[in-house]
Amino acid sequence: MPQLREGDAPAMVIRREDYTPPPFWIDRIELTFDLDPVKTRVLNKMSLRRNTEVPVQPLRLHGEDLNLARVMLNGGGCSFKMDGQILVMENLPEGPEPFELEIFTTCSPEKNTQLSGLYLSQGDFFTQCEAEGFRRITYFLDRPDVMASYTVVLRADKDKFPVLLSNGNLVDQGELPDNRHFAKWVDPHRKPSYLFALVAGRLVAREQRIVTRAGKEHLLQVYVRPGDMDKTEHAMNSLIASVIWDEARFGLPLDLERFMIVATSDFNMGAMENKGLNIFNTKYVLANSATATDTDFANIESVVAHEYFHNWTGNRITCRDWFQLSLKEGLTVFRDQEFSMDLCAEASARAVKRIEDVRVLRTMQFPEDAGPMAHPVRPDQYVEINNFYTVTVYEKGAEVVRMMQTLVGRDGFRKGMDLYFQRHDGQAVTCDDFAQAIADANPDSELARQLTPFKRWYSQSGTPRVQVGGQYNAADRSYALTLSQSCPPTTGQSSKQPFVLPVSVGLVDASGRDLPLRLRGDAAPAGTTRLLVLSETTQTFVFDEVDAEPVPSVLRGFSAPVILDSGLTDTQLLHLLAHDSDAFNRWEAGQQLALRLAVQAVRAPGPVGPVPLDAAYVEAMRAVLRHPTLDAALKELVLTLPSETYIAEQLAEVDPQRIHAVRETMREQLAEALQADWAQAHEQNKDNGAYRPDPVSSGRRALAGMALTMLCLAARESGDTVWPGKAYQRFKDAGNMTDRFNALSALVISGQPLAQEALARFHALFKDEALVIDKWFALQAGAPDRGGNVLPAVRQLMNHPDFNLKNPNRARSVIFSFCSANPAGFHRNDAAGYVFWSERVLELDAINPQVASRLARALDRWKKLAEPYRSAAREAIARVAAKSDLSPDTREVVTRALAE
């Protein structure tokens, strides 16, 4: 294992190339907890043995913020020393025979504001051990390649902590003196320490017994605080659907007698896949129609699935080291994306899901790949591993897995997964091991033929750019498609080798039909969509039997995570927008048209004009709105303009205020030009009967909500009060949170006077619903900036009685919504947004470094900013970096940001 941080020594760079196997194995660990908020006692009994395949060396056990009371070796005393916070033992038994180590420590959960290790949330005990939280509970070899069998005994006050949970199966429970009780849990599966979990508190559970395909009965439980039981049905249904899907799609059954989900309101992440005891942020568990939106329902379904799927891809097979994080996360994101798409009955609903995933990739991962924190899917080094739970490791990692499936086919990918588990079940392995299994199961595939260059996706950072050129030859009725790839330099990587890119293409004729495709050398046409594999810098593919010049539809379904320069004219893009059979590329054509107009307006000299959109684009959007058969959800996506962040990524130098002005003007132009069509769309989609979060109903609500926002924007320009009044009435009368929040958002986004009254009414209605109040905060902090009005509102929100900086959800709802998701509000001419950011980063760093370091990344792209923003941003970053006791988490981010 690479060298680890010790005590208060300067943070060190940990490198993948320095990996060595552990010098000791831990086969068994028995943990006994006497739980107390002030002083929890932890007795740790371990059975260890030397790893005879590495040189003899001392045992170095990781610990952090622990009070060490006793160390015993084979039942007797022993010598040890402390090296910073590392417990070092040198005189241990030699040879391969196991020995017993007993360590007694105490810790203080109530003082743990980092929410890593053992901590309190509203009086209940929870743990978070990934990546390196277990060392805050007891001394251990806290690394993912050390897998042990766990037995856990929990003891606590019966009245205060009636529910006692840990991993695996409950084998014993009972009463103790002094009104205390105990529970004993045994996990039958070996696991690394990051998958350990315990929960103790006042909780209630929704329970469901199921029988799997294998004929075994299992107990599913969703634990929440009393009063939240009515919001657990959707999470339970999502869990059941996940169990069924994984067994059907991949042959992977549930392997425990019981599977538990527990929700807590204080959590740094979304959820954690601890073996058999998943701990979730309440945001991804609690939902009913009155308190949760369609987006919330979809996110819960996805995250519940993601964590359950980790049971095999992450738990049964885990990572050798943290550089292999995408082995479990990229693969499992891909699996939860496939799950969500497989639940969609219609092809258009699958396309909508794909578009939503790609939007995340483009607005978050592409900028990361071009910024100071750029890193490969499998990083080569880090200072703080928590900083590498990123969209690159997760979302780009999922795209790498998706490309594997594309290259070997859906059935071939299943065969590869089967081989992966046959080879590696119960092991800690690498990304190379996974890729090799998929290729070996499909020896005749393009993946197997080009596995070595394909694995550059794991080692090279940056987003490849693909240029397209087309040449029609009327004489021999052929069309030559030339694809070229390049990848710009990124942090630490000045030159790149070609990637292996699966590029799905079609050819669309003048009437809008897909042409049958016959590649030169083929005996006959083979379908209307063809997978081309670009593995060189430039390759040309020739299609024969093409009677007239077609419009190429390239990268259908977003078959590779690249930036595409299609080379198409506006007329050709309009043709694809109107006719492409591939829903993704239909959406993409509209996005590219809007992006061209936005960039043109941003670069134009002088003030932003009142009509940045040309007539052809406006009429194309009108045709989309009026289209009789297009899915409502797809219409809403096509009609949504590219985000300010995505527009900024197209520019060498960024003026956030000008981009904001251009996009808002574009939106207002669409609102006014299509006013009658928006009104009709709202009328046609606003009523959907009893609430159901299915794709069709959700799409109709999304389009109705968008139409209402556009009508309120048009009313702001005209001074009309009718549509704002209708929006307020809909806000009051709505039968579900989606419609209610859409109406509230329409008033806030359009800056209507009624917005304040609606916000006050909303808070009064939901003041006791923490997740709903998070939405209330986020809507105001992320509202369009008009004359610098948002920052004063944000400072006021931080003084609100309901604001709590120590709660990550609440901090994100205000601070992150402003700094990371409201470019015009944040990037102010007077630099006040940057001052606010630096204050909050430093304030959070003292409480919760993981949250602080994520906020610190709001200025990753500061070097692209135009003046005066650039100098002011650099000054703010330097102000944070100057703090002498900054956490390693935050220091790594700001140091890399400032590096030349």
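Helices here are DSSP runs of H or I with at least four residues, numbered from the N terminus.

Everything below comes from a predicted model, in which local features need pLDDT of at least 70 and side-chain atom pairs count only at pLDDT 80 or more, while totals for chains, interfaces and linings use all residues. Residues are numbered from 1 along each chain as its sequence is written, and side-chain values use heavy atoms, with hydrogens and water left out.

View A. H4 spans residues 347–369 and H5 residues 391–408; they pack at an angle of about 125 degrees, with axes 9 Å apart. Axes are lines fitted to C-alpha atoms over the stretch in contact, and angles run from 0 to 180 degrees between N-to-C directions. That angle makes H4 oblique to H5 (under 35 degrees is roughly parallel, over 145 roughly antiparallel, 65 to 115 roughly perpendicular, and the rest oblique). Look for the contact (heavy atoms within 4.5 Å) where H4 brings residues including Arg354, Met364 and Asp369, and H5 brings residues including Val391, Lys396 and Arg402. Its residues divide into four nonpolar, two polar and seven charged. Here Ala, Val, Leu, Ile, Met, Phe, Trp, Tyr, Cys and Pro count as nonpolar, Asp, Glu, Lys and Arg as charged, and the others, Gly among them, as polar.

**View B. Helices H22 and H23 pack at an angle of about 155 degrees.** Their axes are 9 Å apart, and the two helices are therefore roughly antiparallel to each other. Trp776, Phe777, Gln780 and Ala781 of H22 meet Val790, Val794 and Leu797 of H23. This contact has six nonpolar residues, one polar and no charged.

**View C. Helix H23 (residues 790–798) has Val790, Leu791, Val794, Leu797 and Met798 as its buried residues.** Buried means under 20% relative accessible area, exposed over 50%, and partly exposed in between, with a 1.4 Å probe and protein chains only.

**View D. Ser697 is found in helix H18, residues 695–718.** Ser697 counts as buried, at 12% relative accessibility. Leaving aside neighbours within four places in sequence, Ser697 is in contact with Asn688 and Arg692.
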